[in-house]
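Visitor: Hi! Could you walk me through this one?
Guide: Happy to; let's have a look together.

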Amino acid sequence: MLVIYYGQDSGYTTHRALKDIKKALSEQELKELIRFDGYKDSVPSVMEDCSSISLFGEKKTVLFTNCYFLSSTREKKVPFKDSDQHSYQEFLQYLEEPSPDTDLYMVVDGMLDKSSKLGKAIIESAEAKLVSCELPSPADFEMYAYKIAKERNKEIDKEGAKMLVERTKGDYLLFMNNLEKLLTYTDKVRAMDVEELVYQPLEDNAFTLVSSLLQKKTKAALKTYSDLRKGGYDPLMILPTFASQFRFYALVKFLSEKGEDKDSIAAQLSTKTSKVSPGRVYYSLKDSQNLTFMKILSILEELANMEIHIKHDGDDGDIDLKLFISLFSQKYLNSYR
């Protein structure tokens with residue numbers, strides 16, 4: 001059996017593969033699971049192991065993660081040359097005739113490149129099963145938090161679960177790692193625990209501030225701004241990060257108004273150094289539902305002019321930003337045009 005998993009979030013994709021493996025194997029068989037990593041192990045060596053007969057005459061189960069060579073986006077430096085991989089001939093041969101003595105689960109590091117030679121061979125193979133792993137919705141993430149807490153005989157309240165999902169922005173591994181930290185810290189996780197333990201750098205605070213503005217929560221936005229100022233950030237440090245959040249909303253809105261869905265938008269906005277999750281796109285579209293692309297451009301123009309006046313005309317940046325936050329709802333959200 002050969003199963004190939006792919007999706008936007010490699011952490012969640014690996015989770016899906018492991019979930020299926022755990023269903024298929026006994027506890028003892030799970031201990032004998034053979035693991036390979038595409039960034040450490042060459043494809044020929046993995047295929048050789050999959051094709052060899054088990055010393056004990058039993059069926060082998062192999063998990064091959066980080067299969068970057070099948071991905072449409074390569075975010076890390078490629079560890080092997082094509083010559084080191086024998087131009088993937090062993091893999092192509094294995095696609096035609098997988099070993100009946102091995103169950104091979106492969107996890108693509110990103111989306112499957114269906115236009116490449118290897119991608120086309122996989123699609124044409126009668127032996128390969130493809131599993132598309134769509135990232136869970138924010139509501140699904142919240143349910144995961146409740147379920148895992150309950151399994152530990154602990155609990156997390158609704159506000160805490162929602163804040164955890166918002167702060168981890170649809171990143172599965174980040175969500176799971178922070179949930180583990182919270183459940184280790186306390187038996188009853190509340191929003192104040194998430195606020196204290198789940199790190200929120202300047203970019204995330206700016207995201208929270210902008211999100212509050214778009215939800216017409218002016219007092220909350222002013223409080224976030226005040227917290228940033230108390231943390232030592234001056235207006236000219238805050239302003240570019242603030243503007244970058246609106247630039248992201250503008251890009252999301254532009255693509256959405258063209259008819260793109262959240263998965264497509266996430267893929268188009270992701271770069272080699274920064275992956276955008278469909279979850280983040282979902283929240284951005286939800287928050288900006290009362291704004292058009294052109295209205296967001298007007299906001300960006302105001303912020304650009306504000307920076308010019310602070311730098312060249314000596315305007316008080318603190319007052320300018322407070323006024324911008326205070327008047328935002330009245331100026332930009334009272335009408336939709």
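Guide: For charge, Lys and Arg count as positive and Asp and Glu as negative, with His and the chain ends not counted; the place of a charge is NZ of Lys, CZ of Arg, CG of Asp or CD of Glu. On that basis the protein chain has 47 positive and 53 negative side chains.

Visitor: How far apart do the centres of the two sets lie?
Guide: They lie 5 Å apart. Bear in mind that this is a predicted model, where local features need pLDDT of at least 70 and side-chain atom pairs count only at pLDDT 80 or more, while totals for chains, interfaces and linings use all residues. Residues are numbered from 1 along each chain as its sequence is written, and side-chain values use heavy atoms, leaving out hydrogens and water.

Visitor: What about helices and strands in the protein chain?
Guide: There are 16 helices and seven strands, taken as DSSP runs numbered from the N terminus (helices H or I, at least four residues; strands E, at least two). The C-alpha trace spans about 75 × 45 × 35 Å along its principal axes.

Visitor: How much of the protein chain is buried?
Guide: Buried residues are 47% of the 337, where buried means under 20% relative accessible area with a 1.4 Å probe, protein chains only.

Visitor: Which residues have the most contacts inside the largest nonpolar core?
Guide: They are Tyr5, Leu63, Ile156, Leu164, Phe175 and Leu179, in a core of 31 residues. Such a core is a set of buried Ala, Val, Leu, Ile, Met, Phe, Trp, Tyr and Cys residues joined through side-chain atoms within 4.5 Å. Elements giving two or more residues to this core include strand E1 (2-6), helix H1 (10-24) and helix H8 (172-185). H8 gives the most, with five residues. Apart from this core lies another, of 29 residues, among them Leu209 and Ile299.

Visitor: And what does isoleucine 156 touch?
Guide: Leaving aside residues up to four places away in sequence, isoleucine 156 touches Ala145, Tyr146, Ala149, Ala161, Leu179 and Val189. Contact here means heavy atoms within 4.5 Å.

Visitor: Is cysteine 50 buried or exposed?
Guide: Cysteine 50 counts as buried because its relative accessibility is 0%.

Methods. Buried means under 20% relative accessible area, exposed over 50%, partly exposed in between (1.4 Å probe, protein chains only).
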